[in-house]
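Welcome, and please load the model in your viewer. Keep the sequence panel open beside it.

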Amino acid sequence: MKSKIKEEFLESAEVKRVFAEQSADQIAQVTERIIAALKQGRKVLLFGNGGSATDASHLAAELVGRYAKNRKALPAIALTTDQSVITSIGNDLGFSEIFSRQIEALGQKGDIAIAISTSGKSANVLKGVEAARAIGMVTIGFTGGDGGPLAARVDHAFIVPSKVTARIQETHITLGHVICGRVEEAFSESY
């Protein structure tokens, strides 16, 4: 058991190491784009299913509340948290519409949409991205494996080099934390 535990930690660290090597420049560019949008009064909408839904909520909380430093609250909404909205849309229009309908209601041109799907194949996430693009939002995808259809449909795709859902999710939350940390630095300097 002990060797398996160590193996999983080392595997997770290696996936993150490779991802960081491959993606550091893109992470910096996308983070600058998020900072610019927030400074222009735009907001961040995040969405995904299952573990990705909780990542969306977690990252929205880091932006609205704080990540590590005191600074002004930043506008971020997880489209995964309002049970009345999600269940009414799911019941009346279908589960595939739960994110696109909210984006239609809340999104504006220049806002940021962060779509999270480990496989990149979730129909409701893909529809959410389509709705965001139609409005003129900047679209960012967190995915893994081969990226699935999501990678080709977003402006900026972060593809974790693993086929293991747990490793992908672990890297997604680290990616989100890194972005939140850099965003927070940009706003805490003037607070």
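The tour below goes from one selection to the next.

A word on ground rules: this is a predicted model, in which local features need pLDDT of at least 70, side-chain atom pairs count only at pLDDT 80 or more, and totals for chains, interfaces and linings use all residues. Residues are numbered from 1 along each chain as its sequence is written, and side-chain values use heavy atoms, with hydrogens and water left out.

**Stop 1: strand 4**

Helices (H or I, at least four residues) and strands (E, at least two) are DSSP runs, numbered from the N terminus. Strand 4 is largely enclosed by the rest of the structure, because 7 of its 7 residues are buried; buried means under 20% relative accessible area, exposed over 50%, partly exposed in between (1.4 Å probe, protein chains only). In a regular strand, side chains alternate between the two faces of the sheet. Here V138, I140, F142 and G144 point one way, and T139, G141 and T143 the other.

**Stop 2: the neighbours of strand 4**

Centre on F142: I116 stands opposite F142, and so does F158 in strand 5. Strand 4 then leads through helix 6 (148-153) to strand 5 in a right-handed β-α-β crossover. Right-handed means that, with the strands pointing away from the viewer, the path from the first strand over the helix to the second runs clockwise. Helix 5 (123-135) sits between strands 3 and 4 in another right-handed β-α-β unit.

**Stop 3: the largest core**

Which residues touch the most other members of the largest nonpolar core? Among its 33 residues, they are I34, V44, I114, F142 and V183. A nonpolar core is a set of buried Ala, Val, Leu, Ile, Met, Phe, Trp, Tyr and Cys residues joined through side-chain atoms within 4.5 Å. Select V44 and look for its contacts (heavy atoms within 4.5 Å): including L38, L63, I77 and I112, not counting residues up to four places away in sequence. Another core, of 20 residues, lies apart and includes L45, L79, I98 and M137.

**Stop 4**

**Last stop: S12**

Finally, pick S12 in helix 1. S12 counts as buried because its relative accessibility is 10%. Beyond its neighbours within four places in sequence, S12 is in contact with R167 and E170.

How values were computed
Pairing = 2+ DSSP bridges.
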